[in-house]
Amino acid sequence: MVENSQVQLVQKSATALNRFVSPLDISKLVAQHGTPLYLVDEDTLHAKAKELHKAYSKFKGPVKVAYSIKANFTPAVIKSFMKDGVTFDLTSLGELHFIKQCKADPENIIYTSVTEEPEEYLEVLQSGVRRIVVSSFNGMMNLAKAAGRTGSKPLTMIRVNPEVGVKAEVRASYRNGKFGVPFNGGTIDSAAKMVKHLMGNELLKFEGFHFHLGSQITDFSCYTHALDKMDAFMTKMKKDHPSFHVNTFDIGGGTPVFYNDPVPTPAQMAENHVGKLNQLAETHGTFTLMIESGRFLVAESSILVSRIVNTKEYNEHKIVIVDAGYHILLDAALLKQEYPQEVVPVVDSKDNTTAIATPKNTHLAGRLCDTYDVFPLSKVSDLNGSEVGRYISFYNVGAYSVVFNMPFHCQTKPPIVMKDSDGKFRLVRKGTTYEKLFVEEGGNIA
Ligand SMILES: *Cc1c(COP(=O)(O)O)cnc(C)c1O
């Protein structure tokens with residue numbers, strides 16, 4: 001296993017950017033919708049769902065891909081994934097509302113809450129959702145109460161915190177962390193105690209386990225360690241409870257995306273632990289494997305187009321200012337995410353005669369009056385030709401960007417245009433207006 005993972009990290013995945021729109025398309029779309037403008041490619045969404053599922057084809061049992069809609073809840077994106085038959089991973093009643101409005105089948109929902117309130121679980125169960133992941137003893141009791149009121153018997157999974165070291169951009173598993181429960185924490189908030197309770201609970205049916213280690217994981221040893229710990233824990237549970245059986249095993253998200261450095265493909269990632277998963281199924285009985293993903297499924301589907309609105313030069317530095325900012329690309333500031341950026345080629349070849357030599361020290365700055373509003377550059381970013389009036393594309397912005405849009409500096413939300421599978425462009429979210437924002441902020445009642 002370990003040697004395998006070493007090999008994979010050497011075989012890097014392709015780093016080509018997803019240029020699903022031509023410069024001519026971009027010039028037409030910005031003429032119609034203005035900038036900043038998000039562009040989404042439906043085909044990429046389908047391709048990613050397929051690729052992630054196929055990556056685990058060596059698993060000797062059913063595999064389900066679950067889309068964590070927190071990464072991008074644009075209804076058009078949700079509806080695209082419905083065509084792929086993916087499961088939706090939800091964490092809030094707001095997300096449940098979106099999924100219901102999109103008319104997704106409740107059978108294709110896995111609900112993993114952090115808050116786990118009684119009324120929340122009641123609404124979830126009343127919506128026909130059966131697969132619930134509980135993360136605390138209290139949450140499990142709240143679910144049982146809700147189940148008693150609805151008369152349904154939810155398939156209950158326990159979110160385990162395997163407390164393994166995770167090297168990733170965002171870690172979700174660490175000792176005494178917020179998510180899930182440890183195997184044995186010395187209190188009722190432990191997987192062992194919760195399994196014991198579930199084995200005797202009439203209102204809930206034990207379904208299996210869930211863990212989520214982090215986001216943008218490129219070192220897969222954390223999965224190996226977590227699965228080794230799960231293996232030992234499942235052996236112990238079987239000894240304590242003869243009827244113990246895992247039907248669903250969910251290994252969470254974390255599949256990485258190319259921003260700056262090359263990352264392994266999902267197939268290379270699966271290669272790291274599919275052998276161990278098969279061994280678990282052999283030892284403990286076969287189960288459905290669930291793979292969650294937010295980032296991988298949506299990131300490469302989207303481009304943000306912005307316009308260069310100002311430039312200045314001094315001491316061999318050039319500052320290029322665009323009409324985007326971290327208010328629509330928060331992870332650029334929060335995680336120093338190095339989105340690949342590129343100046344859109346000029347369509348009219350007459351304009352293109354004067355190639356602009358861009359100084360080596362070019363800084364790409366956002367429109368906000370805030371120190372952190374400078375975009376980190378990716379190794380593949382190309383700012384040559386940065387000139388007022390030209391456009392800059394930010395690639396791979398489909399995950400954790402639209403969902404973070406905020407009105408800092410009284411900024412409005414950009415429109416979203418989707419390139420459908422038939423090649424046609426379709427407005428799937430209107431941009432908001434200053435007037436709407438003013439009203440939203442209480443302008444008409446203050
Ligand atoms: C955020 C989250 C995911 C998705 O993580 P990605 O890194 O986007 O793949 C999956 N499962 C849970 C429980 C999450 O909170």
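A polar contact is a pair of N or O atoms within 3.5 Å; within protein, one must be able to donate a hydrogen and the other to accept it, and residues adjacent in sequence count only if both atoms are side-chain atoms. You're looking at a predicted model, where local features need pLDDT of at least 70, side-chain atom pairs count only at pLDDT 80 or more, and totals for chains, interfaces and linings use all residues. Residues are numbered from 1 along each chain as its sequence is written, and side-chain values use heavy atoms, with hydrogens and water left out.

**Exercise 1.** Work out which backbone oxygens the side chain of Gln-341 reaches.

Step 1: find Gln-341 in strand S14, residues 341–343. (Strands are DSSP E runs of at least two residues, helices are H or I runs of at least four, and both are numbered from the N terminus.)

Step 2: check the surroundings. Gln-341 has a relative accessible area of 0%, so it's buried (buried is under 20%, exposed over 50%, partly exposed in between, with a 1.4 Å probe and protein chains only).

Step 3: look for partners. The side chain of Gln-341 reaches the backbone oxygen of Tyr-339 at 3.1 Å, and a polar atom of that side chain lies 3.2 Å from the backbone oxygen of Pro-376.

**Exercise 2.** Is Ala-168 buried or partly exposed?

Step 1: go to strand S7, residues 168–171, where Ala-168 sits.

Step 2: read off the relative accessible area of Ala-168, 24%, so this residue is partly exposed.

Step 3: list what Ala-168 touches, skipping residues up to four places away in sequence: Ser-215, Gln-216 and Ile-217 (a contact means heavy atoms within 4.5 Å).

**Exercise 3.** Explain why the largest pocket lies between domain 1 and domain 2.

Step 1: get its volume, about 690 Å³.

Step 2: see who lines the largest pocket. There are 34 lining residues, and the closest to the centre are Lys-70, Val-170, Phe-179, His-212 and Tyr-400.

Step 3: see which element gives the largest share of the lining: S9, with three residues.

Step 4: compare the domains. Domain 1 (42–298) and domain 2 (302–440) both give residues to the lining, so the largest pocket lies between them.

**Exercise 4.** Which residues of helix H4 are buried?

Step 1: pick out residues 75–83, which make up H4.

Step 2: look past the end, where H4 is followed by Gly-85 with a positive phi, near 70°.

Note on methods
1 Å grid on protein atoms, 1.4 Å probe; cavity = no way out; pocket = protein on both sides within 12 Å on 5 of 7 lines; lining within 4 Å. Points joined across faces, edges and corners; volume = space filled by probe spheres on them. Domains from an automatic or database assignment.
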